[in-house]
Amino acid sequence: MDVLDIKALLITALIFVPIERLFALRPGQKILRKAFFNDLIYALFNGVPINLGLVAAVTLATSTVGHIIPDYVGSAVSSQPVWLQVLEIIIVADIGLYWAHRAFHAIPFLWRFHVIHHSIEELDWLAAHRVHPVDQVLTKSASLVPVYLMGFSSPAIVLFALIFHVHAILLHSNVRLNIGPLRWLVASPQFHHWHHAHERAAYDKNFAGQLSFIDALFGTMHLPGETVPERYGVDDPVPPTYVEQLAYPLIPKGKTNEAPFTGDT
Ligand SMILES: [Zn+2]
Ligand SMILES: [Zn+2]
């Protein structure tokens, strides 16, 4: 954690808390909602292991298979206007994210890491931060390694990362935001709230991070009208604290079943 992280988090709170008050999806939900301080720990400390893991994955990929993309391809890609590169990165990265995310739902061992994110029972701006580092390193590698291999420029990647971060926070926010027909193209809070729904019809749906049409393309879209889920969360016995949640995927299954997650932290 460095000073910048705290500053960025404060700025995020100053922007999103008032937006959530003005356009609340659930007006009764408290700012200091259930597990708020646990998720604050994620927001403050999780960036370090995720960034270290991601840098290692990108370095490994570029040094081993980087040469398969000819230099002239990288030069052509990075000489495009930054805005166009950002649009292309969003498409490339979100296809990678979609399939990694889908694998985390489909493969039981991976689900034990991803379930930490799905254990959130009240969604808001802070909820996006509750992610297991192993989940994030693998998912972000699937989306960003191709981007680095293709040779996109650093300013375009930095701008993409900023847009992705703000978008992820918005998707989890406690806001009612109607983006009209655009919702069939771009991921909205309603789209991602359905991904977190504790309802059978919505399980394993809406995997995309930014482009909802990817789910339409692969048959996993779930956007029933203007409705939003009644409740979020999972039945898995996810423990309530940061350290326990980091250890959860590695603890043999039977040992976690005695203490179901009540969400009281
Ligand atoms: Zn998921
Ligand atoms: Zn989420």
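Is Asn206 buried or exposed? Asn206 is buried, at 0% relative accessibility. The close-up views below are taken from a predicted model.

View 1. Phi of Asp204 is near 55°, a positive value in a residue other than glycine. Phi of Asn206 is likewise near 55° and positive. Most residues other than glycine have a negative phi. Asp204 counts as partly exposed because its relative accessibility is 42%. Asn206, at 0%, counts as buried.

**View 2. The zinc ion (ligand 1) and its histidine donors.** Five residues, His101, His105, His114, His118 and His195, coordinate the zinc ion (ligand 1), each through NE2, at 2.1 to 2.2 Å. Along the chain these donors follow the spacing H-x3-H-x8-H-x3-H-x76-H. His101 in helix 5 (residues 82-106) and His195 in helix 9 (residues 189-195) are 94 residues apart, a pair that links distant parts of the chain. His101 has 8% relative accessibility and so counts as buried. His195 counts as buried as well, at 3%.

View 3. Arg112 lies in helix 6 (residues 108-118). With a relative accessible area of 11%, Arg112 is buried, because the limit for that class is under 20%. The side chain of Arg112 reaches the backbone oxygen of Pro249 at 3.4 Å. For scale, a separation of 23 Å lies between the C-alpha atoms of Arg112 and Ala56, which are 56 residues apart along the chain.

View 4. The structure holds 4 salt bridges. In one of them, the side chains of Asp39 and Arg33 meet at 2.8 Å, N to O. Asp39 is buried, at 0% relative accessibility, and Arg33 is buried, at 4%. Arg33 also forms a salt bridge with Asp124, where the closest N and O atoms are 2.8 Å apart. Arg33 sits in the loop between helix 1 and helix 2 and Asp124 in the loop between helix 6 and helix 7, so this pair ties together parts that are 91 residues apart in sequence. Asp124 is buried, with a relative accessible area of 1%.

**View 5. The salt bridge between Lys34 and Glu121.** The closest N and O atoms of the salt bridge between Lys34 and Glu121 are 2.9 Å apart. Lys34 belongs to the loop between helix 1 and helix 2 and Glu121 to the loop between helix 6 and helix 7; the pair, 87 residues apart, links distant parts of the chain. Lys34 is partly exposed, with a relative accessible area of 35%. Glu121 is partly exposed too, at 28% relative accessibility. Elsewhere, salt bridges that share partners join Arg33, Asp39, Asp124 and Arg130 into one network.

**View 6. Gln29 and the backbone of Leu123.** Gln29 lies in the loop between helix 1 (3-22) and helix 2 (36-45). A polar atom of the Gln29 side chain lies 2.9 Å from the backbone oxygen of Leu123. Gln29 counts as buried because its relative accessibility is 8%.

**View 7. The largest nonpolar core.** This core has 27 residues. Those with the most contacts inside it are Ile89, Val147, Phe152, Phe160 and Phe191. At least two core residues come from each of helix 5, helix 7 (133-150), helix 8 and helix 9. Helix 5 gives the most, with 6 residues. In soluble globular proteins, nonpolar side chains tend to be buried together.

View 8. Val82, Leu159, Leu162, Ile163 and Val166 make a nonpolar surface patch of about 380 Å². Helix 8 (residues 154-172) gives the most to the patch, with 4 residues. Leu162 lies in helix 8. Leu162 is exposed because its relative accessible area is 54%, where exposed means over 50%.

Terms used. Residues are numbered from 1 along each chain as its sequence is written. Chains are lettered from A and ligands numbered from 1 in the order in which they are written. This is a predicted model: local features need pLDDT of at least 70, side-chain atom pairs count only at pLDDT 80 or more; totals for chains, interfaces and linings use all residues. Side-chain values use heavy atoms; hydrogens and water are left out. Donors are N, O and S atoms within 2.8 Å of the metal (3.2 Å for Na, K and Ca); water is not among the atoms, so sites may look incomplete. Buried means under 20% relative accessible area, exposed over 50%, partly exposed in between (1.4 Å probe, protein chains only). A polar contact is a pair of N or O atoms within 3.5 Å; within protein, one must be able to donate a hydrogen and the other to accept it, and residues adjacent in sequence count only if both atoms are side-chain atoms. Patches are made of residues with over 30% relative accessible area and no salt bridge: like charges are joined within 9 Å, nonpolar side chains (Val, Leu, Ile, Met, Phe, Trp, Tyr) within 5 Å. Accessible areas come from the Shrake-Rupley method with a 1.4 Å probe; for residues, only the protein chains shown count as cover. A nonpolar core is a set of buried Ala, Val, Leu, Ile, Met, Phe, Trp, Tyr and Cys residues joined through side-chain atoms within 4.5 Å.
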